[in-house]
Structure formats: structure tokens, C-alpha cells
Amino acid sequence: AAAAAAAAPSTAGAAAPAAAAAAPCAAVGGSSDAAAFNSTAPDGGGSGAGSSQRQRTTSFVQLHAVKRFKQQLGPDPLVSGLLKQAPWGNQRPPWEASDMQLAAHQLLVDTGAWPAAVAVHVSGQAILALPSNGQLSLDSLLLLKPDEWLDDELVNYAMWWLQQRDRHMFSTPSQQLLGVWTGVMGASCHFFNSFFMSKLYLDAGTVNYDKVRRWTAASKLRMAGQAKHEQGVLSCSLLVAPCNLGNTHWTLVVADLDRCRILYLDPLGGRRTDVADAMAAWVRAEAFDKRQQWWDTDSWPRVHLRPGKDIPRQADGHSCALYAAVLADCLGAGVPLQHCRMAAADATAVRARMLDNICTGVTRFAG
């Protein structure tokens, strides 16, 4: 009871929490190593603890689209295998870039200026007005140059971009099939920005649900581009949050609601059980506040994914945000993280892709 009172917001007259069985999946063991990840990876398959209660359906039209794409791609087993799991459609994987994207990035490196017809000027300063009700300055954009450490503005734009892709993937079948992204087996996700974990836990070192309680209100979720804003974020499969650790390192913490576990992704191999615990505490408080249910997230495994085995290993000291963005992209597309082949040599391509997303995302996801 004391733990419940500490984790749940103090709401006068709130209904008593439902039994723990009302959570989306049954309680599972508390192992913290990656063995559980290898057996039930977020790959669109497997039988996680709650899969029977939250199965995702695939329509006949979607299956027909998969068959058609396979016929076009031919017998290449790697490409066909990725497509079977969840494709990026006709896009390259996020650690590759086209010649045009690389050329545009090189122009930014050479000139130190905005790409043509992208920036607007406010009080004489070149900025990009973002659809996420924010702004991106030229100073932040220039951090896409090689060997630069990405700031919150760039990481948050990447999360916004992935959220818009998720919205298009799950809004209507026609958008799933006719849009740039097919998302046949992609998991429904919510991508928080970097300030979520900072406000919840990282700034003060203690969990404070009240500071982020309104972040998941239906109106806020609608503005963020969440397709399931009426049902709430707990109806999603994955909740992805980037973590800015003291302005020195970027990681990801993920609540896997289908399999009742918390994933911690650090390409350098760091283990922050406290961050995973904070996410678990937030899930418990969110279920209590928004659904009047008690979810026993203390029993959920904290899975620290291993660089070089479960996720790519970072080989330098400045590309952590790029790895976080690529891993978040894989999670949103439903591609197994073991299939992510990003390496240090791909950093420039990832930066070029991020620049292209910034320059085209406003129009691509209009409306």
C-alpha cells in the first residue's frame, strides 16, 4: 500500500485501482540480463506474456501488399527477410543515405548555411519553424556536421519525425499502403522527447510523476501526432524515450507494454537500472491515473541490451545520438534490433538522412 501511494498520483476521489490482472499482461520474472530479449525480441513475432490479449491483426490487403513487394524484390533472402518482418517500404534503412542526400549534407558542411528554400527569418536570424511547435536554429543544424555531438533540438526533431511516421502508418489502411511508409508489421509507438525523462527523473534523481502527468492528456497527444490520442499511450505497444545523461551521452529507455518489460539501450554498454526503474514507475502511475488500474511494473524485467550482440556497438565518443535515433527508427518500423547494422562508418549517412528529414518532413507529414 505504501508503494502504491508513492507511485500513484494523489487524486482525491479516485476510483480504487483494479486488480493487477487488469494490466495488459501477466507478471513475469525479474531477470535483468538480455536472455529474455533474445527469446522474445520486439520483432513482430514471439509470444510475449500479453500477446494473447493484445494481438495485432494484419488485413488481407496488407498481406497482398507484402506478397507484391516480395515479387518485386526477387529472391534476395536478406531483403525478403527484412520485408517479412517489417519494411521501410521503398526507403533505405536509416543507416544508409542516397547520393542526393549525401550531396546536400556535404553542401551544409562546405557552406555552413541552410539548404535553399528551407529557412525563414525571424528578427534577422535564420530558423526553421517546426510543426512540433518548436524551432530549429542554424546552430543546431550545423551540429549535423561530422564529429559533432547532437543537441536536444535535433534529437527531439528525430522523435517528432518518427511519431508522424507512426501516425501515418496507423491512421488508415490507405495511408499504410499508398504512403511512403507501409508499416505492415510495425509496432504502434509513442516517441517522447528528451525532456520527458529529464522532467520525470534525470534532473532531480527522483521520480516525480506530477511533472509529466499532463504530457499524456488527449489534447497533448493529438498535438504530438499520436494516432491513438483518444485511447492514451498505454494502448500503444512501445513507449520510446531518449535520455540525455548529463549532456554527455544519449541512450534510450523503452517500455514494451506487449511483453511487460523495460528495455534499456546504450550503444556503449552502460547499465542504468535506475532509469529503467523510473520508466517502470511512470507506467505504473500512468495506469493508475488514466485507467484507475494497478499494474505491477515492479515485477517487469529490466533488460539491458548488449552492444555487439543485441544492438550495434558505438565505436566513437560523439555518435550516441545517431545510434539512439536509428534504434528508435528500427523499433518504430518493427525491424528486429539484431538486424540493425549501423557502424561508425555510417555516421555521415545517418546525419545526411536526418538533414533530409528536416528539410522534407514539414511537407511530407502535412496535415
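**Cores and central sheet of a predicted model**

Modeller: The largest nonpolar core in this predicted model has 46 residues, and those with the most contacts inside it are Leu-144, Leu-150, Val-240, Leu-265, Leu-337 and Met-342.

Biologist: What does Leu-265 touch, not counting residues up to four places away in sequence?

Modeller: Leu-265 touches Thr-251, Leu-252, Val-254, Leu-305, Ile-311, Leu-327, Leu-331 and Leu-337. There is also a second, separate core of 33 residues, which includes Leu-239, Cys-243, Ala-255 and Trp-295. In soluble globular proteins, nonpolar side chains tend to be buried together.

Biologist: Why does Leu-337 count as buried?

Modeller: The cut-off for buried is under 20% relative accessible area. Leu-337 has 1% relative accessibility, so it counts as buried. Leu-337 lies in the loop between H12 and H13. Its C-alpha atom is separated by 9.7 Å from that of Leu-305, although the two residues are 32 apart along the chain.

Biologist: In what order do the strands of the open sheet stand, and what is the pairing?

Modeller: The order of the five strands is S4-S5-S6-S7-S8, and the pairing is mixed. S4 and S8 (302-304) each have a single partner strand, so they stand at the edges, with one side of each left without a neighbour in the sheet. From one strand to the next, the twist averages 20°.

Biologist: How do you know that S5 and S6 pair, and how many bridges join them?

Modeller: Pairing requires at least two bridges. Eight bridges join S5 to S6, and these strands run antiparallel. Leu-245 has His-249 as its bridge partner, and Leu-239 has Ala-255.

Biologist: What makes S6 largely enclosed by the rest of the structure?

Modeller: Eight of the eight residues of S6 are buried, so the strand is largely enclosed. His-249, Thr-251, Val-253 and Ala-255 point one way from S6, while Trp-250, Leu-252, Val-254 and Asp-256 point the other way, and all are buried.

Biologist: Why is Thr-251 called buried?

Modeller: Thr-251 is placed in S6. Its relative accessibility is 1%, so Thr-251 counts as buried under the 20% limit.

Biologist: Which strands does H12 lie across?

Modeller: H12 lies across S4, S5, S6 and S7, and runs at about 20° to S6.

Biologist: Which residues in the two hairpins take a positive phi?

Modeller: The hairpin of S5 and S6 has three residues between the strands, and Gly-246 there takes a positive phi near 65°. Asn-247, in the loop between S5 and S6, has a phi near 55°, a positive value in a residue other than glycine. The hairpin of S6 and S7 has four residues between the strands, and Cys-260 in its turn has a positive phi of about 50°.

Biologist: Why do Asn-247 and Gln-292 fall into separate accessibility classes?

Modeller: Asn-247 has 56% relative accessibility, so it counts as exposed. Gln-292 has 31%, so it counts as partly exposed. Gln-292 is placed in the loop between helix H11 (273-291) and S8, and its phi is near 55°.

Biologist: How many helices and strands does the protein have, and what percentage of its residues count as buried?

Modeller: The protein has 13 helices and eight strands. Of its 367 residues, 50% count as buried. Among contacts between residues at least 6 apart in sequence, 71% join residues at least 24 apart.

Definitions and conventions. Residues numbered from 1 in each chain as written. Predicted model: local features only at pLDDT ≥ 70, side-chain atom pairs only at ≥ 80, totals over all residues. Heavy atoms only, no water. Core = buried A, V, L, I, M, F, W, Y, C linked by side-chain atoms within 4.5 Å. Buried < 20%, exposed > 50% of the residue type's maximum accessible area, 1.4 Å probe, protein only. Contact = heavy atoms within 4.5 Å. Axes fitted to C-alpha atoms, helices over the stretch in contact; angles between N-to-C directions.
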